[in-house]
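Reader: I am new to reading protein structures, and I would like to go through one slowly with you. Could you show me what to look for, feature by feature?

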Amino acid sequence: MHKEKIQSQIEIIGKYCCLVHCYIYCCGIEPDTKEYFKITYDAIKAGADVSGVEWDCTVSNPEKFIKWLTGRSVRVEKKVITSLKDIKDPAPVRFVASGYTPHFVVVENGAIVYDGYSNSQSVAKGRPLDARIIKLR
């Protein structure tokens with residue numbers, strides 16, 4: 001991780017950690033706020049070549065991140081969707097709305113079960129665009 005001022009790093013994690021946190025939730029880990037932040041910070045600090053998470057919270061390698069986090073080997077498939085109803089197992093889903101930053105939530109059995117924001121405009125005004133389907137190897 002490059003040298004980042006702590007307030008800047010906190011701001012980056014706060015604004016852009018939604019996919020990281022969705023993967024944490026999908027792995028069956030439901031920590032408190034402090035632990036979500038710690039896991040995210042530790043993944044960034046480990047470096048993308050180790051954890052699959054970039055300094056700006058981009059999950060460049062979700063399989064590597066889940067392996068780093070849990071020790072489990074998985075395959076993650078990006079799938080275009082138009083509806084939540086076909087998603088049965090927990091999966092990060094990206095919502096998009098014109099004029100707003102895209103946002104990831106976790107969907108299970110066709111419903112949102114985890115959302116890191118209390119009032120995401122991308123979710124409220126947008127539509128689901130794609131999902132990250134997680135399969136154990």
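Author: Helices (H or I, at least four residues) and strands (E, at least two) are DSSP runs, numbered from the N terminus, and a residue is called buried under 20% relative accessible area, exposed over 50%, and partly exposed in between, with a 1.4 Å probe and protein chains only. In helix H5, residues 62-70, the buried residues are Pro62, Phe65, Ile66 and Leu69. Seen down the axis of H5, these buried residues fall within an arc of 95°, so they line one face of the helix; the arc is that of the directions from the helix axis to the C-beta atoms.

Reader: Before we go on, what kind of model is this, and how are its residues numbered?

Author: This is a predicted model, in which local features need pLDDT of at least 70 and side-chain atom pairs count only at pLDDT 80 or more, while totals for chains, interfaces and linings use all residues. Residues are numbered from 1 along each chain as its sequence is written, and side-chain values use heavy atoms, with hydrogens and water left out.

Reader: What covers the buried residues of H5?

Author: To answer that we look for contact, which means heavy atoms within 4.5 Å. The cover over the buried residues of H5 includes helix H2 (18-26), H3, helix H4 (48-51), strand E1 (74-80) and strand E5 (127-136). If we leave aside neighbours within four places in sequence, Phe65 is in contact with Val20, Tyr23, Ile24, Ala43, Ser51, Gly52, Val53 and Val59.

Reader: And what can I look for at the start of H5 and just after it?

Author: At the start, look for a polar contact, a pair of N or O atoms within 3.5 Å; within protein, one must be able to donate a hydrogen and the other to accept it, and residues adjacent in sequence count only if both atoms are side-chain atoms. Here a side-chain oxygen of Asn61 comes to within 3.3 Å of the backbone nitrogen of Glu63. Just after H5, look at the backbone angle phi, which is positive at Gly71, about 85°.

Reader: Which residues other than glycine have a positive phi?

Author: Cys57, which is not a glycine, has a positive phi of about 80°, and Asn109, not a glycine either, has one of about 50°. Cys57 sits in the loop between H4 and H5 and counts as buried at 2% relative accessibility. Asn109, by contrast, is in the loop between E3 and E4 and is exposed, with a relative accessible area of 57%.

Reader: How do E3 and E4 pair?

Author: Two strands pair if DSSP finds at least two bridges between them. Strand E3 (residues 103-108) and strand E4 (residues 111-114) pair in the antiparallel sense, over 3 bridges, and Glu108 has Ala111 in E4 as its bridge partner. Their hairpin has 2 residues between the strands. Ala111 counts as partly exposed at 35% relative accessibility.

Reader: How should I read the inside of the structure?

Author: In soluble globular proteins, nonpolar side chains tend to be buried together. A nonpolar core is a set of buried Ala, Val, Leu, Ile, Met, Phe, Trp, Tyr and Cys residues joined through side-chain atoms within 4.5 Å. The largest such core in this model has 27 residues, and Tyr23, Ile24 and Phe65 have the most contacts inside it. H1, H2, H3, H5, E1 and E3 each give two or more residues to this core, and its largest share, 8 residues, comes from H2. Apart from it lies another core, of 11 residues, among them Ile81, Ala91, Phe95 and Val123.

Reader: How many disulfides does a search of the whole structure find?

Author: A disulfide is a pair of cysteine sulfur atoms within 2.5 Å, and the search finds 0 of them in the whole structure. The sulfur of Cys22 is 6.1 Å from the closest cysteine sulfur, in Cys18, which is too far for a bond. For Cys26, the closest cysteine sulfur is in Cys22, at 6.4 Å, again too far for a bond. Cys22 is buried, with a relative accessible area of 0%, and Cys26 is buried as well, with 17%.
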